[in-house]
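Subject: Structure handover

Hello,

Please find the structure below. Notes on what was found in it follow.

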Amino acid sequence: MMSDALAAPKRSWQRRDRKAQLSVWFGWLIGTAIFVYCFQKISETTIWAFVWDAPAQAADLGARMVPPAWSYIHQLWRPIWDTLNIATMGTLISIVLAVPIAYCAARNTTPSVTFLRPIALFIIVASRSINSLIWALMLVTIVGPGVFAGIIAIGLRSIGFVAKLLYEAIEEIDESQVEAVRSTGASAAQTTTYGIVPQVMPAFAGISVFRWDINIRESTVLGLVGAGGIGLELNAAITQLYWTQVSLMLLVIIATVILSEWVSAKVRHAII
Amino acid sequence: MLRIRGLTKRYRTGDLALKGIDLDVPDGQVMALIGPSGAGKSTVIRCINRLVEPTAGTIELNGTEIVALNSGNLRRMRRRMGMIFQEYALVERLSVMENVLSGRLGYVGFWQSFMRKFPQSDIDEAFRLLQRVGLDHMADKRADELSGGQRQRVGICRALIQNPELLLVDEPTASLDPKTSRQIMRLIRELCAERKLSAIINIHDVMLAQMFAERIVGLKLGEIVYDGPPDKLTPAVLTQIYGEEDWASTIRKADDDDAEEAVAVPEIAPAAPSIERDRLAGLT
């Protein structure tokens with residue numbers, strides 16, 4: 001027995017056989033060729049003099065930005081408050097609309113797999129595929145410039161995000177808990193509130209706060225197209241070349257985002 | 001009295017899980033359903049409360065035919081059958097009390113249950129049951145903070161608060177250690193005796209089945225191959241149910257019985273002293 005094992009021939013092992021190995025090498029070759037070709041194309045249409053000049057330009061712009069125009073901050077409280085409102089109201093609207101859509105999109109809760117589910121999935125894709133800046137651009141022409149257009153833009157953009165993550169959470173629940181509630185004679189609505197809602201509640205809260213956090217960042221740029229908030233001021237300052245005001249606004253935006261990240265991290269931690 | 005006639009289940013995959021089962025369970029009888037994995041034990045239980053829809057056959061509980069019920073009547077029927085699950089199937093993020101009270105969902109309206117405004121009588125009964133299983137001090141704990149044995153006891157309370165006529169028990173001990181398994185089986189057995197409840201218990205552990213059931217039904221490939229008292233479960237019968245194996249050590253001998261009980265009783269007493277007291281008080 002022992003001697004048999006010792007006498008057995010050495011068996012070689014490789015991660016890939018020869019054919020697989022060759023195809024991997026070939027893949028790398030093609031990839032490198034494409035990269036080199038594209039680099040050359042881009043290089044032809046680039047004015048390199050400008051690029052070499054870039055560090056000097058950046059240093060120049062940086063020099064114009066300091067010191068930030070601190071006194072200007074009194075005019076920023078209002079726009080930053082608008083920005084926070086756009087993000088918060090937009091997130092709330094999206095949550096209200098996303099919950100029923102997620103319910104219809106989740107395979108295990110949808111009332112109709114053939115009819116409602118595709119519609120819900122389409123709404124999710126449509127909302128996700130259009131950037132909030134584009135939503136805002138369209139809404140400014142529809143409802144006019146201002147905070148309201150920003151809120152709706154953020155809301156429409158967020159529906160897809162919230163609904164998608166929420167319906168995935170619904171699909172991942174433990175069915176046996178639902179089955180147990182159902183077997184007591186509970187109605188469909190009771191089965192949902194007792195069997196499903198408690199299971200998706202942490203995910204739901206996490207998703208909402210996460211989206212709010214993203215929306216604060218997104219709503220800072222909505223003003224660029226006239227949809228209210230600090231972006232409006234930023235746009236004005238840049239076009240008028242008030243670089244010290246621009247630097248102050250960038251600092252304010254950074255501070256706001258840090259604050260929102262801190263809040264959302266706290267909330268998520270508290271829930272889970 | 002549960003009467004099953006010609007119960008057949010064919011899954012959508014084409015597998016014939018049950019091949020026309022006939023089974024009567026008289027009131028107050030604790031019956032164990034044994035058999036290898038895939039024999040159809042779970043399917044039998046789930047067909048009775050129609051978590052799984054039977055393909056053919058009739059099921060009658062105390063005169064009501066179950067298979068043909070529409071959804072409203074099925075809900076009312078499910079109130080009359082308590083189910084206990086293998087992995088407890090408690091709603092993990094709800095409190096112990098909410099889990100127990102969820103057994104009353106069939107009796108209260110949606111908003112009442114949504115606002116957690118259950119009738120005082122239900123709350124009294126929930127506390128009484130929790131006390132009976134020794135968990136009344138845990139009422140406000142979240143279900144996922146409990147140990148396996150404690151969770152299963154909450155599961156038992158959830159089934160009993162329905163005030164059922166029949167208990168459907170699906171592998172109650174599969175996730176529990178041997179000692180807790182015995183305690184849980186003993187508890188189910190005692191509660192059934194107290195309330196004159198009949199029970200169908202799916203169980204893998206033949207020895208536990210013999211210890212705690214008064215009747216054993218052996219299922220193999222969707223057919224009943226044994227139906228009789230625990231002490232008639234010979235190696236030949238087990239071979240018929242499960243296939244060839246050395247069964248000598250599995251089968252419980254008559255004198256092991258007493259030794260087992262003698263060891264088990266003092267074991268449980270210090271762990272949950274309130275159980276003894278409640279039993280004397282004649283609760284539930």
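Two strands are taken as paired if DSSP finds at least two bridges between them; helices (H or I, at least four residues) and strands (E, at least two) are DSSP runs, numbered from the N terminus. This is a predicted model, in which local features need pLDDT of at least 70 and side-chain atom pairs count only at pLDDT 80 or more, while totals for chains, interfaces and linings use all residues. Residues are numbered from 1 along each chain as its sequence is written, with chains lettered from A and ligands numbered from 1 in the order in which they are written.

In chain B, an open antiparallel sheet has four strands in the order β2-β1-β4-β5. Its edges are β2 (16-25) and β5 (64-65) of chain B; each has a single partner strand, so one side of each is left without a neighbour in the sheet. Seven antiparallel bridges join β1 (residues 2-10) of chain B to β2(B), where Leu18(B) is the bridge partner of Lys9(B).

Helix α6 (residues 148-160) of chain B has 12 of its 13 residues buried, so it is largely enclosed by the rest of the structure. Among the buried residues of α6(B) are Val154(B), Ile156(B) and Leu160(B). The buried residues of α6(B) pack against β6 (81-84), α3 (96-101), α5 (120-132), β7 (166-170) and α7 (178-195) of chain B, contact meaning C-beta atoms, placed from the backbone, within 7 Å.

Regards

Terms used:
Buried ≥ 20, exposed ≤ 12 C-beta atoms within 10 Å, placed from the backbone. Contact = placed C-beta atoms within 7 Å.
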